[in-house]
Amino acid sequence: MRRNIGHAAIVAFCFLCLGLSSVSAQIRELQSLAATSLGAGQGVFVQAEDGTILVAQQDSRPVHPASVTKVATSLALLEQLGHDYRFETQFLAGGPIVKGSLKGDLVVHAAGDPSFVFENAFLMLRELHAQGLREVAGDIRVEGPLLFNWEADPAGQLLKRALQGLDGGEAWAAISEPSSQVKKAALQFVAGGSQKASDKVLVADRSPPLITIVKTLNGYSNNVFHLLSDRIGGPQRVETLMRKHLPAALQSQITITNGAGAGETNRLSPRAAVAILWALRKELRAHGKDLPSVLPVNGLDVGTLEHRLTEEPYRARIVGKTGTFGSVGASALVGALHTAKYGDVAFAVLNSWVPVPEARRRQDVFLRGLIDATDAKPWDYVPSGKPIFAEATVKAQ
């Protein structure tokens, strides 16, 4: 019996050694693939969820991450505001309404909703029209941070043009009957008005949950992320929060001065980028979600990953975030694979001073090899197919 037990232990040990040898050989192959496909001087870090490092090359060198910064800002927003947080934009009467004319300003109470676009404004305009409002004897007055069509509109002039029917006709068609025209519901602004306090809410737009907004903004890599970061204290606050997720040795490898990745001074190392991605996954899983809830999946979601590696067997294997800022030499891709061999695998490829088309070509070559080597499977994910404005709620008050 002892001989049999000893023999079994020896056999098991041999198989273990063979397995470890096989893993070591694959790591060497992936390391070589990174050097040959991406360039030996380019930053790459690939790590399995159990901590196994599959590739490490210039992995502690901070470079400009471009829009990969949005992964950090996404995590900070979700932690600070909550996944289900909703922004509310209200239109209030700055005076009495007499025979369809508002005798005062149309007051906008804004909360910095980054998803507030033409369609939302037109849904509110349609409700005002249903209430009989045709004219504003005054102006538009904004109270609070107003974002409209993904840019700051502090005085509400962009929004005013839309409400006047002077802009956004295509968006009106998306929320109305084909024969309807925005000018039929448009408001006329005429001289008059006052600075009277307003307390009567006419209509309110309640945004989709923050997690839905973040998903949409990441898909298109929208730079409104920088303005959105102001809701939690700005890019410096994002940097501070992210450093808390990093080991002490990595905390100097992140600099965020723009929450969207614009500007010239953001910095991130591949190793720090992967650590932030793991932290984002942990945050999502604590709420029963996973990375596809906030980041695009290649070949499935519209936006920057829509046309990357769309052929089989690579379609839907990558969930991640691109970053492109050619003038500062940045072309990046950070994401995760769901693999048969290693569980989830996170990767960061931060190309520096490689022409953008060439950088993307190199990234795709490397990722095909990584997907093949790890036996990556498709993410269990189906896009909602709904435009973001359709998930907002517009109600008369």
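1. Two strands are taken to pair if DSSP finds at least two bridges between them; strands (E, at least two residues) and helices (H or I, at least four) are DSSP runs numbered from the N terminus. By this criterion, strand S12 (residues 200–206) pairs with S19 in the antiparallel sense, over four bridges. Asp205 stands opposite Val394 of S19.

2. The model is predicted: local features need pLDDT of at least 70, side-chain atom pairs count only at pLDDT 80 or more, and totals for chains, interfaces and linings use all residues. Residues are numbered from 1 along each chain as its sequence is written, and side-chain values use heavy atoms, with hydrogens and water left out.

3. The order S8-S6-S3-S12-S19 describes an open sheet of five strands with mixed pairing. Strand S8 (140–143) and strand S19 (393–396) are the edge strands, each pairing on one side only.

4. Helix H3 (residues 118–130) packs on this sheet and touches strand S3 (88–94), S12 and S19, contact meaning heavy atoms within 4.5 Å. The direction of H3 makes about 145° with that of S12 (axes are lines fitted to C-alpha atoms, for helices over the stretch in contact; angles run from 0 to 180 degrees between N-to-C directions).

5. Helix H7 (residues 210–220) gives the most to the lining of the largest pocket, with seven residues. The pocket is an open set of points on a 1 Å grid over the protein atoms alone, where a 1.4 Å probe fits, with protein on both sides within 12 Å along at least five of seven lines; lining residues have an atom within 4 Å of a point.
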